[in-house]
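Please keep the sequence and the structure in view while reading.

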Amino acid sequence: MDITIIALATVATIGRILLLMLLSVLSGWALAYLAVKSRSFENAYVPLVNVMESIPVIAFLPVVLLIFIQGIGGALGVEVAVDFLVFDAVSWNIWIGAYQAFKTVPEHLLEVSENYSLSFGRRMLKLYIPHSIPRVISNLFSSFADAFFYITVSEVFTVGVNTYQTFGIGTLIALFTRQGDIINVYYSLACIAVGVIAVTMLLTTMSRHSVAKYSVDSTLEIIHRSPASRRFRAIDVFRSRTRYISRYARRITHPTRRGRFEGEAGAPTPIRHLLTVAAKSLTFCMGIVVLVYLVYSSLMIAFAVPGDTWRTFLTSTPYLLYSMGADYLRVLVVTAAAFGVAISIGYVLATHHRASLMLAPVVQAVSAFPAPAYFPLVFIATYPFFTATLPAAYSTEIYVFTLGFLSCFYYIFFDFWIGVQAIPTQFWEVMHNYELGWRSRMRRIILPGTFPYLVTGLSSTINSAWAGIEIGEFWPNIDGTHSLEVRDGMMKYIGVNMASGHVENAAWVSLIFAIVVAIYGIVFTRNLMDLARKKYVVEEGVYAA
Amino acid sequence: MSAVTTSENFHKEKTQSELECQDLGYSYVKSRMIYEHISLKTYENELVAIVGPTGCGKSTLIRNLGYLTPPTTGKVFLDGKEVSKPSSKISLIHQSIATFPWMTALENVKLSLISKKIEPEEANRIASEMLELVGLKGFGDYYPKEMSGGMRQKIAIARALAASPEILLMDEPFVHLDELTATGMRKEVYDLVFNPETSLKSAVLVSHNLQEVVQLADRVYVMNGTPATIVEEVKIDIPRPRSQREPVFFNYVDRLYDHLSSSLKQ
């Protein structure tokens, strides 16, 4: 195939991903605001996002088939379906990142906005959004990587006997793989590498701009406008937002300006109060409607299931819980490895600008390369060695670990990386001044200082590890002759039952899993973010009264 | 004989600098120096102040002295030995008060003792003593968020003192405090700097506030120009305690003001 087509497909895919990332950011800001303003919305939102993030992309295929392929139909239906699947890959961590950034807006800045009764729009544009920029951008790295990780199952997917696809590099790679056209697979991977490096460099520059501009006294120098930097018009727009914050702050401390400002913003008017009450009531009513619908749907499904099936579900539950435990152990190992890599390599990259310029694109390229596309090649290359040196079960676990790691390590890595860069200059100076060693720095300052970022990263890492593990636990005919299959695992159970047509068994374990993940969302993510808000807002450590 | 010895000691005391920098210069970009040819000295039991207009590089200079920001040109010496990396012997107190929100006041102070590898009980004792010294006895378990700006700055001072520094660098440490608190803090800091219970030998203060400088300093270096240089060295020869109501006090303030404004006019 012409290399131009491959290049165009890469551009189409990257364009699709970037547009959907933008949509995720915009929707993430709106939802995050609702979450920090309404405790009841937050209680539903956080576990829901955790559940959605934990569900692998391919689990959405039935939904996609029903709503988009059959509902809309034609090429548009397929395109929207693909966009939905890519959106699923990119959105959740951005949403969590935006929520966690909104949740940790420094108290004194919140007070400024409350003091002067800033409207919703002003509050968003001048406070919440600028404050969230570093964390949102750190999540763009992960989202971009995640979108590419699943590109071969997002742009082309099969439901039953029908295959649906849209133009993009994921579709081409799937096509080349089916045809055994390895040369074109390599060309496609090379094109992806070029695209990934280009976007990574763009994101790296954006992250440095954002951390320099939007973090409180970070060590990074603000890069002033030059002809080249004017290209980043969006960044300039965001820069102007923070100028408003400082302008408001200055007005508060400047008595002669205060009167004029009060005249502009004024006290809450009856109309504004009425709008606030109406918005709260609307949110509450919507929540009730959704809750009633969910309860009704659940009851309808429960009554429709025959009694024998319920008995099968209940008798299989102990084994399913055991399998889930085995998978959580795998997730734990993968997360621990990802954490170790993040705080070692991430720290080096964050503190050595030149190293970050060279290594960040490498990390991004590794994370963004679609592992399902190249992993069979890795399997073919390593399988003889592993079978000769290790028992089969061990080598399978290594492959599962590798896939799990590749599917999620970048979340915590990029979050931590940006978090370290956002530590204020004064803190670094204290560390230097008192000659703190690496361990002391990590334990006492850097890990606590990046705590909100780590919670975001860990949350997404844990949630996303499932996807890689799901692929690794049950992969029939990975190289044409061998299958990758663990002995026990919940994801394997889902895969086997889906493949054999026992969708109800897969649905039952998915339900149990969803409940566990929702509890985890409340216990882990929300509580840790509450703790971060209470104690670990690094920006509040630098006091300039 | 003894008189000769005393004289020699006095001479030695005044010629042996504690902290000294020679020909310091700094630039963010190679083509433009912020300041250059800066040479200054501090002596034992002396508080030296640096004044200058906004943007002349005072805060950067004080970081150069502690090697928290390495200078572009020139050298820094402590007790005659060249300084090449940050050390707790030269402690910096920031303009923007830097305390760690996840640590209590006591833990914040103990931070400066970690590299000294002392026993936890001993670290607790020293940190508690330093908190007591700055007037925060009983506040060890409080988090910075629960304290006022002045109290937070006291934590930062206690942390700096706990490191047993020889030199204390202060970058406008009172600028965020109200005048009443700042006046009290100035006196406390001066008493601390020359308190025999502390290891301090000398202190360097950067400030915009000329009254504050005349109140505290023994000598003042005036920075000005582009790139900035030391344009004047003024010895403040007023007996302590100093009163701001005395004419001689105003004379010094006027003199410093003249140096600053005449350089600006040039």
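## A helix contact in chain A

Phe141(A), Phe144(A), Ala145(A) and Phe148(A) of helix H6(A) are in contact with Gln364(A), Ser367(A) and Ala368(A) of helix H14(A). By class, this contact of H6(A) with H14(A) contains five nonpolar, two polar and no charged residues. Here Ala, Val, Leu, Ile, Met, Phe, Trp, Tyr, Cys and Pro count as nonpolar, Asp, Glu, Lys and Arg as charged, and the others, Gly among them, as polar. Two residues are in contact if their C-beta atoms, placed from the backbone, lie within 7 Å.

H6 of chain A spans residues 120-149 and H14 of chain A spans residues 353-368; they pack at an angle of about 40 degrees, with their axes 7 Å apart. Axes are lines fitted to C-alpha atoms, for helices over the stretch in contact, and angles run from 0 to 180 degrees between N-to-C directions. Helices (H or I, at least four residues) and strands (E, at least two) are DSSP runs, numbered from the N terminus.

## Basis and confidence of the model

This is a predicted model, in which local features need pLDDT of at least 70 and side-chain atom pairs count only at pLDDT 80 or more, while totals for chains, interfaces and linings use all residues. Residues are numbered from 1 along each chain as its sequence is written, and chains are lettered from A and ligands numbered from 1 in the order in which they are written.

The predictor gives the complex an ipTM of 0.77 and a pTM of 0.69. For chain B, the mean pLDDT (the predictor's confidence in each residue, from 0 to 100) is 85, and 92% of the residues reach 70 or more. Over residues 1-14 of chain B the pLDDT is below 50, and this stretch has three contacts in the model beyond near neighbours in sequence. Where pLDDT is low, the predicted coordinates should not be read in detail.

## The two chains

Chain A has 21 helices and five strands, whereas chain B has eight helices and 11 strands. Of the 545 residues of chain A, 44% count as buried; of the 266 residues of chain B, 45% do. A residue is buried if 20 or more other C-beta atoms lie within 10 Å of its own, exposed if 12 or fewer, and partly exposed in between, with C-beta atoms placed from the backbone.

Among contacts in chain A between residues at least 6 apart in sequence, 80% join residues at least 24 apart. In chain B, residues 24 or more positions apart account for 70% of the contacts with a separation of 6 or more.

## The six-stranded sheet of chain B

An open sheet of six strands runs in the order S6-S8-S9-S3-S10-S11 (chain B), with mixed pairing. S6 and strand S11 (229-235) of chain B each have a single partner strand, so one side of each is left without a neighbour in the sheet. Two strands pair if DSSP finds at least two bridges between them.

Strand S8 (residues 167-171) of chain B has five of its five residues buried. Ile167(B), Leu169(B) and Asp171(B) point one way from S8(B), while Leu168(B) and Met170(B) point the other way. S8(B) pairs in the parallel sense with S6(B) over four bridges, and Ile167(B) in S8(B) is the bridge partner of Ile90(B). S8(B) is also parallel to strand S9 (residues 202-206) of chain B, over five bridges; there, Val204(B) in S9(B) is the bridge partner of Leu169(B).

## The four-stranded sheet of chain B

A sheet of four strands, also open, has the order S2-S1-S4-S5 (chain B) and antiparallel pairing. Its edge strands are strand S2 (35-42) and strand S5 (81-82) of chain B, each of which pairs on one side only. Strand S1 (residues 19-26) and strand S4 (residues 73-78) of chain B run antiparallel and are joined by five bridges. Leu19(B) stands opposite Leu78(B) in S4(B).

## Where the chains meet

How many residues does the contact take from chain B and from chain A? The contact takes 24 residues from chain B and 24 residues from chain A. On the side of chain B that touches chain A, the elements that give two or more residues are strand S6 (90-93), strand S7 (97-98) and helix H5 (149-162) of chain B. The residues of this side of chain B divide into 11 nonpolar, 11 polar and two charged.
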